[in-house]
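Hi,

Here is the structure I promised to pass on.

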Amino acid sequence: MQLKKVLLAMSMATGVFAAQTALAGEDITLEFVVWNYSLDTIQDNIKIFEAKNPGIKVNLTDYTWTDYQDSLILRFRSNTQTDVIYGGQDWLPAWASAGFVAPLNDIAPPDELSALSDDIAGFALSDMTVDDELYGLPYYADTISFIYNKKILDDAGIAVPRTWEEVTAASLKLQASGMERPFVYELNQELPNFFDAFVAQSYGRGAELFDADQNAVFADPENGAYKQLEWLADAYSQGLIQPETHESKIIPAMNTGNHAFTVVYNYVLAALNNSATQPLAGQFALALMPGAENSTLGFSKFYAVTAKTAADPERAEAAWKFINFMAGGDYTIAKRWAVEKGLGFGQLPLYDDSDVIEAWGKWVDVSTLNQQAATAKAGVWTEWGGVWSAYFRPLLAKAMVGEATVDEVMQEGAQRWNELKEQFANR
Amino acid sequence: MWTIKRFPLLWLLPALLPVLLMTLYPIGHALWTSLHRVMILFPGEPFVGLDNYKRVMASSYFYDALKNSLVFTFFAAPSVVVIGVLVALFLQRRFFGSQIVRSVVLLPWVLPGAISAVLWIWVFHPSFGVLNAILRSLNIIDRSIPWLISPQLAPISVTIAHVWTQIPFAVILTMAALSTINSETLDAAALDCRSSFKRFRYVLFPEIRSMIVVLLVYNSLIAFTGYDLVYAMTSGGPGTATTLLSFQIWRESFSMYDFGAGSAVAFIVVLISATLIIAITRALPSDLFGGDEP
Amino acid sequence: MTGRLNPVLTFFFAAVIILFTGGPVLLSLYGSLVPDRILLDSSKSIFTEGPNFETYRYIFTGELPKSYLTEGANRAMISDAARQVPQSLINSAIIAFSAMSLNLLFGAPAAYIFARYVFPGKKLTFLFLILSPLVPAVALITPIYMALQSIGLVGTRLGIILVHTAKALPFTVLILSVFFRKMPAEIFEAAVLDHCSRFQSFFRLALPLAMPSIGATGLFAFMLSYSEFMFSLVLSGDARTRPVSVVMAALARNTDVSWSLLNTAIFIAIIPTLVLVILVWKFVVEGLLSGAVKG
């Protein structure tokens, strides 16, 4: 009798256990799509997440930055399973309107979400919000900065330029003493950040490209953006600018010691100053964006969830756990990016984190950086912005290299913007 | 040539089937797309007839890209064929080290466009480029030449890089064609014509004419629809100096979310390519399409 | 070929050819042996510092170059995407080899029948085959992607192989038909007299004679597949099935890949294919040079 009871108990226990495992079901595999920056770090983060969340697996697919948006469009159009993605602030309004991505409110508990969004920096928050709905949590947020070679300027006895006129003067002086093209510039009409950098420089002058009603105002010759394009075209015609197709070429170019200035993301400064590979590591520094206001463009790239996934409760839950792990929680992952790679962050508490400050001190002057971040402004992103930017960027490039006049380009750009705005309003 | 009464299905099916699958549906789909408004951010896909075509042809981007592609093809394709044939003729001789040259000449062929682009960027780069460094050290120039960053020079640089990648194939095909020439013909030619040039013109050239046509057609197609190499080298810049039609297709479709316009550009490219090919095959007739006696 | 060229001129031309075709590749070899901190410094070179194999060690073993372990260096700023190169070479080889085999298998019979026979519908079929590559691949990406996705081939090697085969077939057929056309009719007439079937003439006579051309065309199909980028990009799945053209393109735009590491990856990507090509080429060339078809 005893034995029978024990056997019965055991079989019941086994039965319950089996039932539980059966109920727990198979693993969910989230499809995570990213651009190919530091895949090994991402994989490592995924491993940590999977260890903490048995039952959820994450499959990583990556594309190059230049092909990212296009590949994602292909995936969306063909309904390829995609759950969590990297999003960009310039694509968000269009994707939200097309129903590709869902607001985080659809998958996250509201109080958790609101606590997290309170911790997000101003320009980052605005970049991830469409129609008052939050669509993402920051992957990385940064400013576009004006970078210069300290040693070259010191040796030539030039002060750090604070206006664009001073930049011209400094460049001409360097050119006269043998430096051929002192300013390296990422001139690639295929890249969205080509436009972003232009906006950043315009912000330095204190200019706005669009008014409060989202009308284009940059075609006015008095507008700072107009003046900045004039400056760029002028500098190019004087042979002061060397165009490069990608930041990965800017890094070796600056490290030949043949150039003094550039405008890039901050993490490129970290790469420029990396003593592991760069011969001139340590010579590069950040200065406030030249111009009357020294302001610049701040932006945020973020984790977003696809609408299809948000509609599936099981996947939505898994997706939220993953997004929260990567960008929320106690910000461990965001901190990791900051410390190991010099990636900027959108989470306010990290600004005061001593580990971050110490790591960053190795390649940038933290106080100047904080100053720059404090004056950074978000860009104006609309549903038609992405389409318009793809149209405008070649025009911008043409004006810079002198294939078209600044006036032509600005007029055409403004006209197209206003056209598109109307088209989209009347849809 | 012999005649068969029925269509030799078994002989042709294995080749036709994959091509049919990869062309009929996709081309049909692309054609359909070009006649409808297919924009991701706009609901519905209404029929718009030739509207996309009209819009595309009215944009100045299209003409820039068309001009660039035509000029590129016009210079690249004949260069490849001429250089390829010359090198092939040269390599027919056996001389000390000819084996090495024959192997080295294949190198450009084994590289994907992105890799060739990196190598040629290194050659042409304004700051750390090898060509400028060499010219400087030989005191030929004292300012670096803006190979990649001047709107006038950039197209030349990408043409050189493109020609470099296509030469091996031209050499191989020409050598293969030369090898099929009857040895008696060669001996007779050596006796009759003193000059190498005359020998080539009157004896060799007619024999390899069909191969030259094939090479010219192939290279024109490749140059006209080219993408990888030029994109990786200059991304269409500086300005729009090296923007080719293929970029335009990609940009309209994926960056401007307008697949209708992108497909319209594609079919305009088809029309132009077809014209090119017909023009080339008319100008250099060969017996490719059969009918003559062997 | 008869006729002697001045040995000095010969040497000169040979040198020019080698410099032009081989020079850039030699550059990548140089870059792979010289880390950036020396490469970019105009006062130093390989002759003052000696060759350095740290990038090769990194790609094959993951061992960080020593400079990353010094004080102040950022250990994390090297991308292990470069370590995908060896695996991607294997993927490319499989894909290209399959595409080549399919091309020869399917293309040779078609080329033969086009070259030596007239039949109803010949012109139409030939034209279709030759004109099919006219449409730029860029425009066909979306429909092909969607079609392959509906049969579950996106992210597989097979999908890429199919696309590459279809891409190369028109040219394979065209080129081979030129060679089959060149064969003297007498050979085949003799076979017909001996009651050989069409297939036997093809298999026993035409094919062996055309071996060098088949080698050359096979090489062409292999190369087309190996260097193809666009479809490989959208149709390949994760890093495990990715061909080398996609991996290399990503490396070229990767901020954490130094110029030297990039060139190492390039050189590693070149070598196996180069060896293969040289081996096949020797076989092809010997056939070409020695075997002018006897009349």
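A definition to start with: two strands pair if DSSP finds at least two bridges between them. Helices (H or I, at least four residues) and strands (E, at least two) are DSSP runs, numbered from the N terminus. Residues are numbered from 1 along each chain as its sequence is written, and chains are lettered from A and ligands numbered from 1 in the order in which they are written. Keep in mind that this is a predicted model, where local features need pLDDT of at least 70, side-chain atom pairs count only at pLDDT 80 or more, and totals for chains, interfaces and linings use all residues.

Now the strands. Strand E1 of chain B (residues 2–3) pairs with strand E1 of chain C (residues 117–118) in the parallel sense, over 2 bridges. Within that pairing, Thr3(B) has Val118(C) as its bridge partner.

Chains B and C also meet in a contact that takes 87 residues from chain B and 90 residues from chain C. (Residues are in contact if their C-beta atoms, placed from the backbone, lie within 7 Å.) On the chain B side, helix H1 (residues 9–34) gives the largest share, 15 residues. By class, that side has 64 nonpolar, 19 polar and 4 charged residues. Here Ala, Val, Leu, Ile, Met, Phe, Trp, Tyr, Cys and Pro count as nonpolar, Asp, Glu, Lys and Arg as charged, and the others, Gly among them, as polar.

Chain C touches chain A as well, with 32 residues from chain C and 34 residues from chain A. H7(C) gives the most to the chain C side, with 4 residues. That side divides into 15 nonpolar, 10 polar and 7 charged residues.

What does chain C look like by itself? Its secondary structure comes to 14 helices and 1 strand. Its radius of gyration (taken over C-alpha atoms) is 24 Å, well over the 19 Å that the globule rule (2.2 Å times the number of residues to the power 0.38) gives for 295 residues, so chain C is more spread out than a compact globule. The C-alpha atoms of chain C fill a box of roughly 85 × 60 × 30 Å, along the principal axes.

As for confidence, the model scores ipTM 0.83 and pTM 0.86. In chain C, confidence is lowest in helix H3 (residues 46–49), at a mean of 74, and highest in helix H5 (residues 85–116), at 91.

Cheers

Definitions and conventions:
Contact = placed C-beta atoms within 7 Å. pLDDT = per-residue confidence, 0-100.
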